[in-house]
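Work through the exercises below with the sequence and the 3D view open. Try each task before you read its solution.

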Amino acid sequence: MGKAGFRGGVHPPTFKEATRDVDTTRAPLPERIVLPMSQHLGAPCIPTVAVGERVARGQVVGDIDAMVSAPIHSPVNGEVTAVGTCITPGGTRGASVEVAPDADQDFASFVPLADAEDPRDIVRAAGIVGLGGAAFPSHVKLRPPHDMPVGVVILNGCECEPFLTCDDRLMRERPQRVVAGARHIRDMVGAARIIIGIEDNKPEAIASISAEAGEDVEVLVLPTNYPQGAEKQLIWATLGKEVPHGKLPAATGALVHNVGTAAAIADAIELKKPLMERIVTVTGAVARPANYLALLGTPLATLVAQSGGLIGDVDRVIAGGPMTGAALADLSVPLVKGTSGVVGLERGVAAPAVNDDQACIRCGRCSRACPMSLEPFAIGIHANRGDWDGSERFMALDCIECGCCSFVCPTRRPLVQLIRRAKGALMQRGSRS
Amino acid sequence: MSEPVIDLSRPKITSSPHVAASENVTQIMLWVVAALAPAAIWAVWNLGIPAVIVFVACLTSCLGTEALWNYLAKRPQTLLDGSALVTGLLLAMTLPPRTPWWMAATGGILAIALAKMIFGGLGWNLFNPALVGRAMVTISWAGVLAIQKVPGGWFEGLSLPATGDLDAINGATRLALAAADRAASGGYAYDLQAQFQPLLVRNLSGCIGEVSGALLVLGGFVLIAKGIIDWRIPAGYIGTVAVLSGLFGVNGFLEEAAFNVLAGGVLLGAFFMATDYVTSPMTRTGRLIFAFGCGLINVVGRFFGPMPESTTFAILFMNGLVPLIDRSLRPRTFGWVSRDG
């Protein structure tokens, strides 16, 4: 059996009180739906519809014949008004399809997915990607290499990012979908065990999932510690196994999926329902923090407006959680599959500016916080000089970019930012040689 | 429905993480100042104006040197990080209250210029600046440690010469007396146990920072409780001093252990000097090794060396070994497993 928790980590204030007990409600239908063709890691989709074409809820509007990709579906009945480009919450511009929804929508009906012999083909057809934020196409993870048999399916219900409560609400409101999804995943990969890991600050979720879990599903209560939900740290906490450097997590015999992804997989296989909507937490500096079931492609501004708009001295607005999410330049960007939250950060809550002038004072906080046992200060010093070899000697490539080092640094050095720079340079160099 | 316009006219685009722990360098330094304050104030209360003069000389010289250096080097001003303030306070507390102001100021200038700024400022220095300042003063004016305050209140001290005429006010610390006694007779001319109470509460022979051991421990505990310093360094240091003094001493184990922990700045060194982030190791194991080394050199210096006041050089020597300690004890990166994970 594994150890409780993992080495390192940080304890930011969670700010989850604002939304943890707010029931999920359906977000309003926006005037237009903008569907980026790249809502996942891997190959962007190519639009399969033309301007003026009628589309039905559940119809594919973008797809590509590539292994690592996932198709995009229209979440509404409506008419295609544009096939062009848009900016995603991640800040990148790419191809998109814009749909004007009909005024009347029946959210209960949709174009069902075609049945398939291999349920993993259904998962792909449903366009399911990791809903925890990474947005890696799920069907790819469901086909681990043959030499790495999966013995344990681990569901990530940690939701260790501050502010976010969408997974908490899902586990409390639809625990049977989560557990059913876990069983489908287990059966698809031929695993023997299912472990659902939940942080101990979500007692209601633990209770509801435990009530739904039969003999075959283990619920593991984990200490609240960021980044408990990081894949390698979760595998360590549940199984006591380290993912070897440079290997897939499957090398430990474990396969990790987010609870939201599991629920989507259950819906796809049992209801033949494609991924068209997700739960998103809109919180922080908004008038009415809430959890919404929102259509993919809904402008984030619509969600913020539904929550009464931004209030207070807003410093920045984040898509996702504040530890790993992206700051938004523009709230008109659409909700995509990996968007777990829209968080307004007030001045005072938001991190003060990073400071490149002050040298590291060698306090050691970053090393103690690093869940990968790295020495972020040392990588930072090398990266700052453009010494990529030095960064590599200090294991820059093992960084999971959780941000704990920057979070704790009392001199506000941009540590994870410098490490990202080093990683980018090293990977570019690696791919060239 | 119509889509409302949300005013995000001044969005701040930064990369994650977007939240941060509240602690910053200035706050950490101010906590150290706060932890030193009880011992410093109690010292001034008991030692009077001469101690005030030493504090003012050290603080002014440290802050002034850093400000001037930054100005001349056209670097951003760093006074607000609070580290020069801590150095000034600590330096003053390592000097005897009767130290002439110009001697103390020279120590402050050298501490900041030679031990810190020349290396690139806070974070880049190898040696503890305050200890370098004290070392320079005690080497340059060897008699300074023997300058003793004659107890008697605030203004009495003013009547004594502050000109550097050291012989006029010569005295000896308890450690110096103890070492001389041991060398002469293998025992002590005075009762060690009778020294415990003054060393803890009100000791007027020695440096400004040695007036009350109890208040130093109190301040140290505050820093440990706040998570600002690692308990391993004071615990390892003091523990080593206690055990080795007990073994090397000529009186009873506990008596020697307690006397040597309380006398001669070990408490100031263990809680406030050896714990300096910049000049101590970053790993937990490294800190224990460092603390043991400090204690070992300190005790060996006292019992077998020519200078009984060996705390300064014990810590400075171990400062020099910190890069080696850190390099030898790098953590094993998660996932780099030699055998099956």
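**Exercise 1. Give the strand order of the six-stranded open sheet in chain A, and find its edge strands.**

Solution. Step one: the order is S1-S14-S13-S17-S15-S16 in chain A, with mixed pairing. Strands are DSSP runs of E with at least two residues, helices are runs of H or I with at least four, and both are numbered from the N terminus. Two strands pair if DSSP finds at least two bridges between them. Step two: look for strands that pair on one side only. These are strand S1 (25-26) and strand S16 (326-327) of chain A.

The model is predicted: local features need pLDDT of at least 70, side-chain atom pairs count only at pLDDT 80 or more, and totals for chains, interfaces and linings use all residues. Residues are numbered from 1 along each chain as its sequence is written, while chains are lettered from A and ligands numbered from 1 in the order in which they are written.

Step three: take one pair of neighbours. Strand S13 (residues 277-284) and strand S17 (residues 341-346) of chain A run parallel and are joined by four bridges. A:Thr281 has A:Gly341 in S17(A) as its bridge partner. Step four: see what lies across the sheet. Helix H4 (residues 166-173) of chain A lies across S13, strand S14 (290-295) and S17 of chain A. H4(A) runs at about 125° to S13(A). Such angles run from 0 to 180 degrees between N-to-C directions, and axes are lines fitted to C-alpha atoms, for helices over the stretch in contact.

**Exercise 2. Describe the open sheet of four strands in chain A.**

Solution. Step one: its order is S2-S8-S7-S4 in chain A, and the pairing is antiparallel. Step two: S2 and strand S4 (54-55) of chain A are the edge strands, each pairing on one side only. Step three: check both ends.
- S2(A) runs antiparallel to strand S8 (residues 93-101) of chain A, with four bridges between them. A:Ile33 stands opposite A:Val99 in S8(A).
- S4(A) pairs with strand S7 (residues 78-87) of chain A in the antiparallel sense over two bridges. The bridge partner of A:Arg54 in S7(A) is A:Glu79.

Step four: follow the side chains. In a regular strand the side chains alternate between the two faces of the sheet. From strand S2 (residues 33-36) of chain A, A:Ile33 and A:Leu35 point one way, A:Val34 and A:Pro36 the other way, and all are buried. Buried means 20 or more other C-beta atoms within 10 Å of a residue's own; exposed means 12 or fewer, partly exposed is in between, and C-beta atoms are placed from the backbone.

**Exercise 3. How do H1 and H8 of chain B pack?**

Solution. Step one: the axes of helix H1 (residues 25-47) and helix H8 (residues 213-225) of chain B come within 8 Å and cross at roughly 170°. Therefore H1(B) is roughly antiparallel to H8(B). The cut-offs are under 35 degrees for roughly parallel, over 145 for roughly antiparallel, 65 to 115 for roughly perpendicular, and oblique for the rest. Step two: list contacts, meaning C-beta atoms, placed from the backbone, within 7 Å. Among them, B:Trp31 and B:Trp42 belong to the H1(B) side, and B:Leu215 and B:Val222 to the H8(B) side. Step three: sort by class. The contact has 12 nonpolar, two polar and no charged residues. Ala, Val, Leu, Ile, Met, Phe, Trp, Tyr, Cys and Pro count as nonpolar, Asp, Glu, Lys and Arg as charged, and the others, Gly among them, as polar.

**Exercise 4. Is H10 of chain B enclosed, and what covers its buried residues?**Solution. Step one: count. Seven of the 10 residues of helix H10 (residues 253-262) of chain B are buried, so H10(B) is largely enclosed by the rest of the structure. Step two: name some. They include B:Phe259, B:Val261 and B:Leu262. Step three: find the cover. It includes helix H7 (196-201), H8, helix H9 (232-248), helix H11 (266-273) and helix H12 (284-304) of chain B. Step four: look just after H10(B). There B:Gly264 takes a positive phi of about 75°.

**Exercise 5. Describe the contact between chains A and B.**

Solution. Step one: chain A gives 61 residues and chain B gives 39 residues. Step two: helix H9 (300-306), strand S15 (314-319) and helix H13 (404-408) of chain A each supply at least two residues of the chain A side. Step three: that side divides into 35 nonpolar, 14 polar and 12 charged residues.

Conventions: Contact = placed C-beta atoms within 7 Å.
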